[in-house]
Each structure stands twice: as structure tokens, then as C-alpha cells.
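Thanks for asking me to go through this one with you. Have a look at the model first, then read my notes alongside it.

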Amino acid sequence: MIRILHTADLHLDAPFVQLGDKAGQRQDDFLKTFERLLTLAIKNEVHLFVVAGDLFDHSRPDSGLVGRVQAGLKRLADRGIVPVLIPGTHDNVIAPDSVYRRHEFPGALVLQEPCVEEPACIKVQGTEVFLYGFAYRSSVSEDALASLRRRGEEGLHIGLLHGAREGSPEWDYRKKDLPFNLALLKGLDLDYVALGHYHEFEVLSDEGRTWACYPGSPEGKRFGENGPRHCALVTLAPRSAKVEKLLCNTRTLDERTLDLGGCPGEAEAAAAIAALGNPDLLLRLTLTGVVEAPLDLVRLQALLGGQFFHLDLIDRTGLYDSRFARRIEDEQTVRGLFVRRARERIGAADAEERLILEEAFREVLVRFRAFGGGAP
């Protein structure tokens, strides 16, 4: 019986352009999460540290970052923990100057051939452990999935696969994503398959047995990868795998909806949003409800200051029947004419068109207010 810490899709050196001047800090978060994974591996006395692809966000990461990763993996190797890596789709080996071609990772086993001729074999506590993994190349990896099939009965047999499970909500049909299904995995007859590519935690079980697992991204990269993030602690015996989730993220992403109906003004709206605040939270917040004056999202962001690490506001509030809209509707002015025509169009629109028209209506009313049309 051996223990494995299984992770994937760390995406170190991702750019985070949308975070502006906090992009560098968010990159540091991802490196902290990598280092936390190393600490979890040591704390849980694992024998293997398995990264099933996309350790890096692209194939040419910063050399300083690569040095930190090399030092971290050597830290494990010096403690007798064997790091095992495969390239993914982001940090692939196609380019001649890709990270795995330019750099060595001392103490780590990097499985980067286009298919498995023979599995790598190491000894763990006197047990032979056979490791099956490859780096996909479209021209020479035609039978790469079949090459993962178990060779022999003795010892433990572990696969590493960066691929797309058919039928998953994240299913992608691109050939380079190595589509597979559970029947194919079962046919490989391995003791465990460490999966990567999909960013949500998923254990693949059938017939009372765990065959494989996606640990998901250990740190949320984009909205949708919300809430706690995990790695997998795997206790492995011949044809028996037990998977446990270990929490590992540095910051948390979330998406919520807040009804601002009843907030009389901007200050009250800001206070309601601030009540959700957390300096380690990246929040996408959809604002709903009928408000009495148009919301200036730029001003709201300024009022909220450092309440969040990052706040993405989406305005879905209703101004169609607000006091502000009704007050200017009867004016014999350009803005009065706009409100009358817009309300007519919105009233006659179908659901899809109404969403677009209401968004434009809000945007224009924000500008009317900014140029002297204050709320009552």
C-alpha cells in the first residue's frame, strides 16, 4: 500500500490580465498554492507527488518561476517523495523551446515520450511501482491511449492522463484533448489513473471500485472554478484506490446575486455589497432588483475600496419602472424622448431582446444622471 498526492492544472504563470495591477499578486497566490501542495505531501507522508499535466499555464514560463518549481520538487525528492509529471495541453512539448525541453527537474520523473513503450518502474517501500504516461503529439501519439494498458500482474500500476472524459459537463471534442470514456479506462486495467485537464474534482467509480480521479484545479483560475479547491490524497493497493479530498487553495472565487431593491441610494447599495466583503475573495456579483436611480458601477467600485481582493459587478437591476425614469419621461427633452421610446421598445420586446435593451437603458440613464440629471 502506498500514498499519492495527486494534483493537476496548477497553471503557474497564468497572466490574469483582467486583474490589472493585482495580476502579479494573483500569480504569487498560485505559487503559494503549489508550495502548500508540497507541504501537504510531506505532512501526509506520501510516496509519490503526481502532477497530471498543466503544471504551467504555457510552455515558456518565467525562468525564475521554473527555478522555484525545481527547488520545490527537489525538496520532495530529498525527503524520499518521488515527483512524477506529465506535460498537458498548456505546457505541451510541441515547441522546441518548451519548458520540459529547456529545463531539467532534478529528482522528478517526467514522462514526456509520445506514447508508452514500457512503463517507468521505481521501487517504493520494496514494491515495484509502474508508471504509465506520455506527452501528446498529434503526429506520433495516435495509439497513445492504448499504450497505457497494464503490463504484468506484479506490483502497482498507475496511469497519468491529461484528457477529456466523454459525457462530462466540461466535455471538449478537440482531438488534442484526448477524449476517452470510463469503459476505456477500465479496459486499461490499471490500479489507478491520475487525471488532469478538467478543473472540477471528480472521482470516476464503477462496480464498487475507484478507477480514476480528476483533482480539479488547486486554485481557481477563472469564475466558474468557485469555492474551495482541492488535491487528491490517494491510498493505493493492488486494484484498490481510496481517494480523499484535501483543501489547498490560497484565495477563493465565488459568484453571487444581490437584490438591491429597497436601497434608496448609492451609499446604501455600497454598504449592502460591502457586507459580503472578504480580502481573500474574488467575487462576481450580479445586482438585481428595482432601484430608484441608475447605478454607476465605477463609483461603486471606488466606494468599496479594499473590501474584496477583486470585485466584478454585473448590473441587472431594473430601472424600467424606477422613479428616476418616470420623472424624466414626460420631459420635452432628448432624454425624455429616449426614455419614452425605450420604454415602448422594452415593453414590446421578447425576453432575449429585453435583456439587451434594459442593459442599454441602464447605461444611458447612468450618463444622463452624470450630466446633471440627479435622482429625486
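Below are a few numbered points on a sheet, its helices and one leucine.

1. A word on the basis: this is a predicted model, where local features need pLDDT of at least 70, side-chain atom pairs count only at pLDDT 80 or more, and totals for chains, interfaces and linings use all residues. Residues are numbered from 1 along each chain as its sequence is written, and side-chain values use heavy atoms, with hydrogens and water left out.

2. Start with the open sheet: three strands, ordered E15-E16-E17, with parallel pairing. Strands here are DSSP runs (E, at least two residues), and helices are too (H or I, at least four), numbered from the N terminus. Two strands pair if DSSP finds at least two bridges between them. At the edges sit E15 (252–259) and E17 (308–315), each pairing on one side only. From one strand to the next, the twist averages 20°; axes are lines fitted to C-alpha atoms, for helices over the stretch in contact, and angles run from 0 to 180 degrees between N-to-C directions.

3. E15 and E16 (residues 278–288) are joined by eight bridges. Asp 259 has Thr 288 in E16 as its bridge partner.

4. Now the helices. H5 (residues 266–274) lies across E15, E16 and E17, at about 125° to E17. H6 (residues 297–304) lies across E16 and E17, at about 155° to E17.

5. Elsewhere, look at Leu 109 in strand E4 (residues 109–110). Leaving out residues up to four places away in sequence, Leu 109 touches Pro 83, Val 84, Leu 85, Ala 120 and Leu 131 (contact means heavy atoms within 4.5 Å). Pro 83 is 26 residues away along the chain, yet the two C-alpha atoms are 6.1 Å apart.
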